[in-house]
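Hi everyone, thanks for making time for this. I'd like to walk you through a few spots in one structure, so please have the sequence and the 3D view open.

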Amino acid sequence: MREYKSNKKNIIATTVIQTPLGDMFAASTKNGICMLNYYDQRKEKTQKELEKMKKFFNADIIPAHNKYFEVLQKELKEYFEKKRENFTVPLQLVGTPFQQSVWKILQLIPYGETISYLDEAKLLKNEKAVRAVANANGRNPISIIIPCHRVIASGGKIGGYSSGIDKKIELLKLENSYSYDIIA
């Protein structure tokens, strides 16, 4: 790619990464991955999120190749081949303090395990925040790496997933955490 010069000091680089579950749109700052979404499911939402990040970072958005995308692509490939359970690619979380605390809890859920939205609220020491937790999960900007797919409804039902229940089920199957009693 050609060199890009900007009068702004920050850049948000973007790329599309192919996965077995569909193309994913990725974005990164100079500090790490700030977005990873299934592109086919969330084009309009992705565009809105990018606009927010553009303002937040006072940045230009450009298609580009960088070291974070190399690591991300390698680690996603290994994940889908069942050769990776944890990700090491640096992240740059952009959200409210509450959202960020929810997303940090999500990163503690072990591969192959699920918890309920209520369990997640309890881990935040706010059992009454179940709906707020579910809402923050739905605003997770970094799919798979911040594993909101590992959160199910109380009683074992699958719950929601902003990229589609079919993708959530496939991710849970991949991690061997899908059970036939997890029904929508």
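**A short tour of the model**

Leaving aside its neighbours within four places in sequence, Q99 is in contact with A136 and R139. Before I go on, please keep in mind that this is a predicted model. So where does Q99 sit? You'll find Q99 in helix α3, which covers residues 97-106. Is Q99 buried or exposed? Its relative accessibility is 15%, and buried means under 20%, so Q99 counts as buried. The side chain of Q99 also reaches the backbone nitrogen of T96, at 2.9 Å.

Okay, next stop: C148. The UniProt record, an unreviewed entry, puts the annotation "active site" on C148. If you're looking for C148 on screen, go to the loop between α5 (130-138) and β6 (151-152). C148 counts as buried, because its relative accessibility is 6%. And what does C148 touch, once we skip residues up to four places away in sequence? The answer is L106, N137, N140 and Y161.

Staying in that loop between α5 and β6, have a look at I144. I144 has a positive phi of about 70 degrees although it is not a glycine. Why point that out? Because most residues other than glycine have a negative phi. I144 is buried too, with a relative accessible area of 1%. Now hop over to K125, in the loop between α4 and α5. K125 isn't a glycine either, and it has a positive phi of about 65 degrees. But K125 is exposed, with a relative accessible area of 76%.

How many aromatic pairs does the structure hold? There are 4 of them. One is F56 with F57: the ring centres are 4.9 Å apart and the planes are at 90 degrees, so we call the pair edge-to-face. F56 is exposed, with a relative accessible area of 57%, while F57 counts as buried at 14% relative accessibility.

Another pair is Y79 and Y111, with centres 6.2 Å apart and planes at 85 degrees, so that pair is edge-to-face as well. Y79 lies in helix α2 (residues 67-80) and Y111 lies in the loop between α3 and β5 (115-116), so the pair ties together parts that are 32 residues apart in sequence. Both partners are buried: Y79 has a relative accessible area of 0%, and Y111 has one of 17%. If you highlight Y79, F80, F87 and Y111 together, you're looking at one aromatic cluster.

Last stop, helix α6, which runs over residues 165-174. Which residues are buried in α6? They are K167, K168, I169, L171, L172 and L174. And what do the buried residues of α6 pack against? They pack against β3 (32-38), α2, α4 (117-123) and β6. Then, just after α6, N176 takes a positive phi of about 60 degrees.

Technical notes. Residues are numbered from 1 along each chain as its sequence is written. This is a predicted model: local features need pLDDT of at least 70, side-chain atom pairs count only at pLDDT 80 or more; totals for chains, interfaces and linings use all residues. Side-chain values use heavy atoms; hydrogens and water are left out. Helices (H or I, at least four residues) and strands (E, at least two) are DSSP runs, numbered from the N terminus. Buried means under 20% relative accessible area, exposed over 50%, partly exposed in between (1.4 Å probe, protein chains only). A polar contact is a pair of N or O atoms within 3.5 Å; within protein, one must be able to donate a hydrogen and the other to accept it, and residues adjacent in sequence count only if both atoms are side-chain atoms. Contact means heavy atoms within 4.5 Å. UniProt positions are given in the numbering used here, feature names are shortened, and annotations may be inferred rather than shown by experiment. Rings of Phe, Tyr and Trp (its six-membered ring) pair if their centres lie within 6.5 Å; planes under 30 degrees apart count as stacked, over 60 as edge-to-face and the rest as tilted.
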